[in-house]
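The following report looks at how the chains of this model meet, and then turns to individual residues.

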Amino acid sequence: METAQNVVWDGIVRGYAPPDVLDIDPSLTLQTAEAAEVDPITYEVIRNSLQNINLEHGSTIQKLSISPITMIVRDFQCAILTEVGDVMFLGPYLLYLGNTLGLTTKWILENRSASPGIEDGDVFLSTDPYVGSSHQQDTGLTSPVFWGSELFCWVSNSVHYSDIGGPVPGSFCLMSQDIWQDPPCFPPMKLAEGGKVRADMEDLFLRQSRLRDTVGMDLHAALAGLSVARGRILKLIERYGAETVKAVMKRTLDAGERAFQEKLDMIPDGRWSERVYTEASVPGDPGIYVSQINITKEGDTLYIDNEGSSPQVGSINNTYAGLVGATLAPLTIMLAYDLGGVSGGVSRRVKFRPVPGTITCCDYPGAVSAAGVFNMPMVVATATGAVAKMVACADPPLREKAIAMADAQAYGGWIFSGLNQYGQFFVGMSAGMAAGAIPASPGRDGVDTGGLFWVPGMEAANVEENELAWPVLTLYRRENSAGAAGAGMYRSGVGAEEAWVLHGTDHLDSQIYMNESFVKNQGLLGGNPGGRAFHRLKQQTDAAAQLAAGTVPQGLDQVSGDEVPLFYKGMPAVLDPTSMWTTNLPNFAGYGDPLDRDIAAIQIDLTDGKLSTKDALKVYGAVVNEAGQVDVDRTAEQRAMCRRERLAAATVGVSHA
Amino acid sequence: MGYYIGVDGGGTFTDAAAMDDEGRLFYAKAATTRDDFAMGMFDALAALAEECGVEVSELIASTNRFSLGTTVGTNLLVERLGARTGLLATAGHGDSILMMRGSGRTAGLEPELFFHPQITDKPEPLVPRFLIREIDERMDCLGQEVAPLNVEQVERAVRSLVEEHQVEAIAIAFLWSFKNPAHEQQALEIVRRVAPDVYASCSHQVSPRMGEYERTVATVINSYVAPASAAYFRRAADKLHDSGLDHPLLIMQVSGGVLPAAKAVEVPLTALGSGPVGGLIGSLAMSRQLGHANVIATDMGGTSFEVGLIINGEPLVADENVVDQRRYKLLQLQTTSIACGGGSLARIDPHSGSIRVGPESAGAQPGPVCYRRGGTEPTVTDADVVLGLLSSESFLGGRMPLDRDAAVRAIAALGDQVGLGVEETAAGILRINNARAAELIRQQTVVRGYDPRDFMVYAYGGAGPLHAFAYAHELGVKGVVIPLGNGASTLSAYGCSTSNLVLNFEREELFFAPFELDRLNRALGELEEEARAAMFDMRAGGDEVEIDRFCLMRYRGQWLHNLVMRIPRGHLGTEDIAGVVDDFRSSYDTLYGHGAGVVSQGVELFSIRVRAIVRLRRPTQAMEQQFGKPVADQARLGSRDIFWPDRMERLESRLFDGSRLHYGNRIKGPAVVELPYTSIAVGMDQVLECDAFGNFALNFEHTPGASPVVGTQSSTLTTG
Amino acid sequence: MREQVIINENLSLRRTDAGARFVCACGHDLADGSTNFKEACAVRESPTADIGEGYASFAVEMAAQMCFREFFCPDCGARLTTEVARVGDPYLWDTAPRL
Ligand SMILES: [Zn+2]
């Protein structure tokens, strides 16, 4: 950590940034001995077992939890950590949560080893973003695994809980000006002791929630994940010995660091940046704010800073933990894609030089509960842009691993509440748009509805699953076309759109929706930015009448009624039986000049109905004849003309300001 | 004498196995004929009749039971030779199968690839966008109609698909059809009326499970493979009937059971991939006899290498299957496969200048160069012949002499391109092939956290026994069993012949605890009736039908989790249900830790299953009574120089006639045991032993990695 | 020692007698390697709503503060990079590899 002096990164007044050597109470003994020799088969068996244990930890949470946010959207993460809290394996879930687990665990080692002490069978719960969570809802559980009297390692998870209290359902407090208007924030406390859950602590946590039962189930799912992982690690140690298992853990981290190092060797030194704009620090605020991430590569180390980010304001902040997690996510995908989630070795070569007091690294008491749907995707997007530009400068073939930006609103998020068709209160978060899209890379188009790369296991719920849980009817869910949004020499995969009407209720409160005022996405090195994420709402429609008459409306323009203008962080919208609501997850970013796009690739999209003749001409300068074929010669002329037109419309000169 | 016959067709060879009334086993095989699978089957039966010492007509006429397993559906999918298929989907939801829930890019792939977006992509769609038709209709989650079916639209869509696009099959998959199938049924009637020759299936029949994506996939795959599969079943059944078979032809299913052909054609999806299941069932029968709790069942044939697992005496059952990154829900025994076998082609990779083996295969036509059927590119089998592991004279019991010179020429030509000698090239081909097989086993065991050292490998299929000495050894498993010796190359056929009639019925219906007893009893009763009626249709009924009833339970809201709980027989009372709920809660705590469940959280039952089994009688396998001497002189055929790829040296190796080996014989490597349909390679430091059931056990004297494990285990004791 | 850094199909940083230079694939010598090459580009600044369908929102005043910038090679017109930015904000100096 290189920061201004006299500033304490203690997890209290400022985010927690752990020192290289932790200050742990001497009463706690760590298991550090390693076997000198491990044969290759044993190494492979143990390494795979550990990875598999972590996957089983994740699938246990996923299976046993009941909120769609966790089980379908995979808005959680789990990890095995070394005795000092270095993250070893991450699961294929929400990547940015990985490092938050390491921070929380290290903080516990430093601040809880003396009192109340760290013992076998303990589970610590923390919701404190200044210690190490991305926002309060992403509650972390971390549990020491002891072998004999020594602390061998940690198992840990972070799960997004549907409601953990605070002034609004879902706990995303858009109006917050500081943390006291946010849901409560619990620094690490002992949820379980000696293998037993403490009823008082469990109640303290659950008592805050509007959805005590749901959150209770999810909490038990998270506890079950820990106990599955802990049990299997102990079996592994029993069979192979603590020193052998530890040797495999350390060597796996070393190997990860070496593999990352080899990638860094292929990248020139230099500095790369990305800037993403956002609006509305609280609902109604007309201001525009900046998220900026810069990467400086010097030899074998990456230095990350957030200089250029706006001063912290309103509810659009994230803590140091969020900044670190959001940056490591795209680094893992672009430079550690071959490590299967071993991220610990990577973070050894990445140093942070954060500028505190900013929206991308705020100080206490900045409000952060909304970060999960606003800041975190935005900072991941910002970091993605910076990392992608750096990786694009790498020697081939590494430069092909650069991947353009997913949307800053990548969840297509929409949070709503009301009474469901069974008469129960619920808070829903739409996961239908989790079909995502893979953005473009140098050398490759993205993948249409190919998922969200920084939540590798993410999956869209089936329409039927949504309709079973919520009082809605999905009129359509279909892929977008591949027009201007995300165009480029290599285009982004397309996103999707869906439309809902109410069914089984006559009232739904739309709590949070993200109608971007302007596009926030950035294209990569000549590509178009992705599209603008938006929702639309029409009231007083005849959708119900059309359905009853046997027609399923297939577009907002196919129903009568009045469109209600929706704004970013607009006031909660009320849906009634005449409402029709659409959610659009835009295509993500493209790469390279669209006029350089291969004609054969344009032809495939035309034939497949993904690209209109009009967009082929306007976006790609491709002239399509009446038979639907791209005319090669006329396209060459057209493209030459486009280039001339560009220059005619452009000005050469130094930027203003 | 009566016979119980199993046939496994569709691979490079069509395999046949028979047991007679006295429990004696016979095996035979013949080349699969691609144009008309039935021809290959009759060739195999002719060979089987010869083994049994009877005329083929007599064999068929005196057969008490005839079971057929097939890879025809898998071949259609893998080679993309299925029917041109159209899809009718609910308006607004035709993209579902293309969007693949956003996870189609990585579905079924190893988790490592999840972090690597650039090398993952979605598969080519089975139904391209222009063959998808959206139909105005809608049901809701309770099965109530929201919008009526637009009948004219269906008719127009069907006409357009059939007349303009010449589809040969149609899949109908509407939202919530498993709750209320009325619209799918209506649409099906229209298809039958408008296009009576086009095969059509509905999602509520094929996979009546929640989740429109998976249900649509199941239905599309079913329709895609149906026309060719059904034709295959019918032709086989007709021909067997014409040849005097007096019993219905039974078709192997992925459930591990069999069904009469007339029933199996209704939903061919349930036969898809049943070939490897036959081998797994055969391995299971054998592992129970031998007392092996953990088995890696490996089947290497001409085109593919299949792996299934038996853990603690039970085959792994999967509720979901992923074929080619397409996920669907169907109860089945789990097997995994890669294209890797005797027919795998060895080619030069132009980019790296290295030799690549597979995934392309020469199949049975043209087959390996040494088959003299027009093959010009060298295969793994050609390499076996060049090295001397396979004899050119005694292949298929001498009925099919192999052209060693042609194999040598082809491999030499390949070697020339990369500057390697003939033997080096052939050995390299085998080493690459074995490494690919070992990697799949590693994926299935190590990657899932199972240590292969706790397992026995069962090696069967035509090429398994010949290569297991290398691929199994590499993983350090306990040992290898070549089940049934010569029968190993036809184990799937044997497994088919041992299978019972099995039907699974399932209904998704939601019950909140305390369950409405009347509704539950009614639903179970209906399902049970359905199962009994289906069995009755198959001429099985009364007491011989064993009914097992299960339900899927979860805590309220857990969509992705369930525990399968057994429901007691008969009419359920309040106490029975309380017992089932208690069982659920305690199983949950056992699995996920004490207190994992939340007492206040309601329990729901969301699906009921009825499994009907009719156990098909068969004789007990005859055992060899006499324990012979370890020395196997009676079977000695002499010696041959073999170039062993694992050692890269030529060694004088002893040859044995496997058919003359007896219980108690021991053979030390290097040696090759020749059997009519396969050969068993016994490497240096390996010993082959014969048991009373005709199985051969291949034991390794040195297991790699064994000694360090012992060392660390003892250090564990002192640490702990 | 690298002779060049490929940034995309059109833009690269090359070692020349005059030191490290940003160069276009058309041969145009764009700028010194230690500067922001965007300053040497032909720039077209347009409303974000004009990028294509779906880019316009109801938040017209907010959107009016933003623009879409395209940076072209002043010689051949190749689009070297783009950015969405607040009108009046400096060009982001985002790509500064060193040879
Ligand atoms: Zn130029």
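This is a predicted model: local features need pLDDT of at least 70, side-chain atom pairs count only at pLDDT 80 or more; totals for chains, interfaces and linings use all residues.

## Chain contacts and selected residues

Of the 2 pairs of chains that are in contact, chains A and B share the most contacts.

On the two sides of that interface, 77 residues of chain B are in contact with 94 residues of chain A. B:Arg101, B:Phe115 and B:Trp559 supply 13% of the area that chain B buries against chain A, more than any other three residues.

| Quantity for chain B and chain A | Value |
|---|---|
| Buried area | about 7100 Å² |
| Share of the buried area from carbon and sulfur atoms | 55% |
| Salt bridges | 9 salt bridges |
| Residue pairs in polar contact, both at pLDDT 80 or more | 36 residue pairs |

B:Arg101, named above for its share of the buried area, also has a side chain that meets the side chain of A:Glu465 in a salt bridge, with an N to O distance of 3.5 Å. As for secondary structure, α4 (96–99), β8 (145–147), α8 (212–242), α17 (574–592) and α18 (706–719) of chain B each supply at least two residues of the side that touches chain A. Among the contributors to that side of chain B, α18(B) gives the most, with 6 residues.

Within chain A, two residues give contrasting topics, one concerning burial and one concerning the surface. A:Gly530 is found in the loop between β16 (508–513) and β17 (534–539) of chain A, and A:Gly530 counts as buried because its relative accessible area is 0%, where under 20% is required. Leaving aside residues up to four places away in sequence, A:Gly530 touches A:Ala485, A:Gly486, A:Val519, A:Asn521, A:Asn587, A:Phe588 and A:Ala589, together with C:Tyr55 of chain C. A:Gly530 and A:Lys196, which are 334 residues apart in sequence, are 49 Å apart in space, C-alpha to C-alpha.

A:Val13 is placed in the segment before α1 (40–64) of chain A. Together with A:Val8 and A:Ile12, A:Val13 forms a nonpolar patch on the surface, and the three residues have about 260 Å² of accessible area together.

Conventions. Residues are numbered from 1 along each chain as its sequence is written. Chains are lettered from A and ligands numbered from 1 in the order in which they are written. Side-chain values use heavy atoms; hydrogens and water are left out. Patches are made of residues with over 30% relative accessible area and no salt bridge: like charges are joined within 9 Å, nonpolar side chains (Val, Leu, Ile, Met, Phe, Trp, Tyr) within 5 Å. Accessible areas come from the Shrake-Rupley method with a 1.4 Å probe; for residues, only the protein chains shown count as cover. A salt bridge is a side-chain nitrogen of Lys or Arg within 4 Å of a carboxyl oxygen of Asp or Glu. Helices (H or I, at least four residues) and strands (E, at least two) are DSSP runs, numbered from the N terminus. Contact means heavy atoms within 4.5 Å. Buried area is the accessible area (1.4 Å probe) that two parts lose on being put together, summed over both. A polar contact is a pair of N or O atoms within 3.5 Å; within protein, one must be able to donate a hydrogen and the other to accept it, and residues adjacent in sequence count only if both atoms are side-chain atoms. Buried means under 20% relative accessible area, exposed over 50%, partly exposed in between (1.4 Å probe, protein chains only).
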